[in-house]
Amino acid sequence: MRNRSGLIGAIIASALVVVAILGALEITPYPYWQQHRLDSLEPPGDRYPLGADLFGRDIASRLMRGASNSLYVSLLSVCFATAVGATIGILAGYFGGRTDILLMRLMDIIFAFPGLLLALLIVALLGRGLNNTLLAIGIVYTPIFARVARGPVLALKETEFVLAARVTGAGPWHILLRHILPNMTAPLIVQISLGLSWALLTESGLSFLGLGPEVGEPSWGVMLSGENRALAERAPWLLFYPSIAIMLGVLSFNLLGDGLRDVLDPKLRGNT
Amino acid sequence: MFHPKRNILILLVCLLLALPALTLADGHGNTLIMARAVDATGLDPHTQTAFASFALLGMIYEPLITLDRDLNLTPALAESWSFSEDGLALTMNLRSGVTFHDGSAFDAEDVIASYERILDEETGSAARTNYLSIVSMDAPDEHTVVFNLDKPDVPLLSAMSTINASILSSDVISMGDPAVDIIGTGPFALDSWVADETTQLSANEAWWGGEIAIDGIEIRIIPEETSIIAAMRAGNVHFAMINDPLVATLVEGEDDVQITTIPTLSYNGIQLRAAREPLEHLEARQAISCAINRQEILDTASLGQGIITGPLTMASYALPVSELFCYEQDVEKARELLAAAGLQDGFTLDIMVAVAEPPTALSIAQIVQSQLAEVNITVEIESLEFSTYVDRWLAADFMGAVVLNSGFTDPYPMYARYWQEGAIFQDVAGYLDDTLDGLMKAGQIETDPDVRYEIFRQFQLHLAETVPWIWLYTNFTYTAQLPSVMGWNPGSNRSLKFLADVSLSS
């Protein structure tokens with residue numbers, strides 16, 4: 001086993017993805033929205049393994065559905081940030097000059113704002129909802145991917161195989177897609193994995209502040225907010241399990257990212 | 001290894017860090033440190049509608065008449081009052097020796113200037129509708145004011161006891177800005193107000209009501225009520241207003257933090273706008289009323305902390321809810337009503353709620369959503385910031401809204417703003433019929449208590465049957481105080497003016 005922590009991260013992340021898929025398909029112990037008001041604040045037990053909330057909704061079912069919403073936002077926001085950020089970084093790095101200055105200063109402006117604050121602003125402007133949340137988080141993390149992509153392009157465009165391709169008459173798009181992009185995937189993959197943990201935390205933060213999914217739709221951050229917060233002392237399971245879920249999510253993506261970096265970085269190979 | 005200089009430095013840093021802890025509640029001498037989650041939305045007593053504003057302004061301003069701990073009318077700036085035999089003149093005998101916080105004397109001129117301002121449409125007074133029977137005012141001497149009415153107006157006295165009828169200095173009205181120049185006659189004077197942060201009040205040493213034992217009050221805004229309780233347990237706050245029953249019931253039975261439960265006349269409900277399709281169908285509204293289970297909403301959203309209510313919440317007029325239309329959940333009847341309206345497939349009901357105002361609003365909406373789903377009514381919940389919610393409410397831009405509305409000791413001022421032709425919130429209420437309008441007008445002028453009771457009995461039955469709104473339950477409000485706060489006894493009155501009676505033990 002060359003990278004144990006990476007493997008643990010991959011296993012936990014895979015388990016969370018499976019849970020999220022079950023949640024998305026509503027294959028849960030109870031319908032996540034179904035209220036059993038006579039079972040309000042039922043502690044963990046046979047009927048509700050992780051307890052019930054104020055409305056008698058099953059915490060386990062809501063955690064599963066919350067996993068699908070939280071991971072949906074995290075994954076798609078990082079996909080957005082990767083697609084847009086990496087494109088900007090590659091173009092800036094390869095073409096250089098004014099293109100580089102214009103694109104990277106734009107990224108610097110976005111980067112200058114604290115992430116959660118900028119995401120709050122964007123969601124406040126767009127309105128709450130899963131898609132608006134993922135867009136806001138995607139925009140916030142775009143500059144990081146632009147920076148990560150630009151660095152390797154600056155080095156790669158001066159390599160002999162790229163110069164050779166240019167001499168043979170290959171156009172810039174051909175060079176970018178066939179020669180540069182395949183050689184810079186390692187840092188991007190690592191960044192994607194780490195970005196997932198940031199996105200998960202930001203989504204939880206936004207949901208905690210009331211700017212997450214629509215009312216009634218759970219996410220892990222939503223489950224830490226609202227009436228659950230007021231009830232935390234009386235029914236600690238309301239906050240305990242969503243907190244554990246967020247912790248596991250962030251930990252798994254971080255371990256996975258570290259593991260991938262160790263595996264994909266030639267300088268570190270053999271040291272792990 | 002021993003490093004004397006480094007250890008002294010560490011000690012100094014520790015002392016610096018400990019300084020804030022030394023300036024906790026006990027470090028404020030004889031000033032009461034109070035906390036609450038929501039601040040006043042403004043300081044002009046004639047235009048404010050928010051409970052949070054009334055709580056603050058009730059300590060600074062006074063009306064002519066006020067309510068005692070049992071919600072009976074009692075003298076404030078007027079020592080006594082009397083109606084003429086025909087009921088068309090109300091004479092107020094003003095208290096002498098009263099001064100405003102700036103030292104100026106209170107007299108009849110201030111009363112007339114205040115009521116002229118309330119009646120001026122440009123002021124935008126929230127309660128103007130309640131005083132429209134006043135056609136003129138005379139001041140035979142500086143301590144007497146006669147209100148001349150165009151018709152007998154029994155509920156006028158009750159309307160005069162609210163914060164919206166506070167008496168302002170005539171100098172401020174003519175030369176200042178009542179929203180900024182906060183000069184009242186109440187037990188506490190405003191020293192500073194930083195919105196959503198802190199308010200400093202000092203005791204009014206010249207207050208006519210007697211000596212005040214504390215030097216003043218510092219009000220801190222702490223948005224989370226659980227954090228307020230934590231601050232009290234740490235001894236950082238002496239006194240707090242708590243609105244969330246989920247939080248208030250947490251500290252019940254604790255020795256360190258005492259909870260006082262105050263029943264209120266305010267009611268939780270869902271305002272429907274019958275002007276919106278398909279709510280214009282009587283059966284659609286009735287189906288909503290029949291499909292919901294009010295007791296279940298109360299038990300879940302507020303942990304049973306409240307009382308199921310009809311339209312009138314004051315004990316002297318409230319009907320037993322068993323007499324009201326569909327107060328027992330009847331899902332079958334709801335389905336039949338929907339079918340009669342041609343809505344057997346259901347419809348979508350959009351309900352807006354304000355975030356945390358009241359704290360139970362979102363919970364109420366979610367339970368109603370679940371209950372109405374049983375009769376195919378899909379509830380879409382829109383959660384809004386309080387200011388956006390208020391703007392939308394004032395613009396009547398909603399189909400349904402979870403509300404916490406204030407109650408009065410008299411039915412007329414409680415609903416005159418909604419259910420009368422030309423009432424200021426008629427459009428917001430979204431419904432009016434001749435019966436309702438007629439009952440309100442009759443209730444305003446009727447002087448015989450038994451006949452008046454019958455008028456408002458019919459009024460309640462009619463409202464429950466026509467279902468312009470859904471009335472759910474009256475709620476409780478709470479104060480939390482440390483054992484060092486002595487003499488706090490609000491009775492059934494949520495006003496903070498009774499803080500004038502408290503003292504702080506060491």
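## Overall build

Helices (H or I, at least four residues) and strands (E, at least two) are DSSP runs, numbered from the N terminus. By that count, chain B of this predicted model has 16 helices and 19 strands. Residues are numbered from 1 along each chain as its sequence is written, and local features need pLDDT of at least 70, with side-chain atom pairs counted only at pLDDT 80 or more. Chains are lettered from A in the order in which they are written, and side-chain values use heavy atoms, leaving out hydrogens and water.

## Burial and charge

Of the 506 residues in chain B, 57% are buried, meaning under 20% relative accessible area with a 1.4 Å probe, protein chains only. As for charge, chain B carries 23 positive and 70 negative side chains; Lys and Arg count as positive and Asp and Glu as negative, while His and the chain ends are not counted. The centres of the two sets lie 5 Å apart, with each charge placed at NZ of Lys, CZ of Arg, CG of Asp or CD of Glu.

## Aromatic rings

Rings of Phe, Tyr and Trp (its six-membered ring) pair if their centres lie within 6.5 Å; planes under 30 degrees apart count as stacked, over 60 as edge-to-face and the rest as tilted. Over all chains, 28 aromatic pairs turn up. B:F100 and B:F106 are edge-to-face, because their ring centres are 6.3 Å apart and their planes stand at 70 degrees. B:F100 is buried at 2% relative accessibility, and B:F106 is buried too, at 2%.

The rings of B:Y415 and B:Y418 form a tilted pair, with centres 6.4 Å apart and planes at 55 degrees. Both tyrosines, B:Y415 and B:Y418, are buried, and they belong to one aromatic cluster that also includes B:W393 and B:W419.

Technical notes: Buried < 20%, exposed > 50% of the residue type's maximum accessible area, 1.4 Å probe, protein only.
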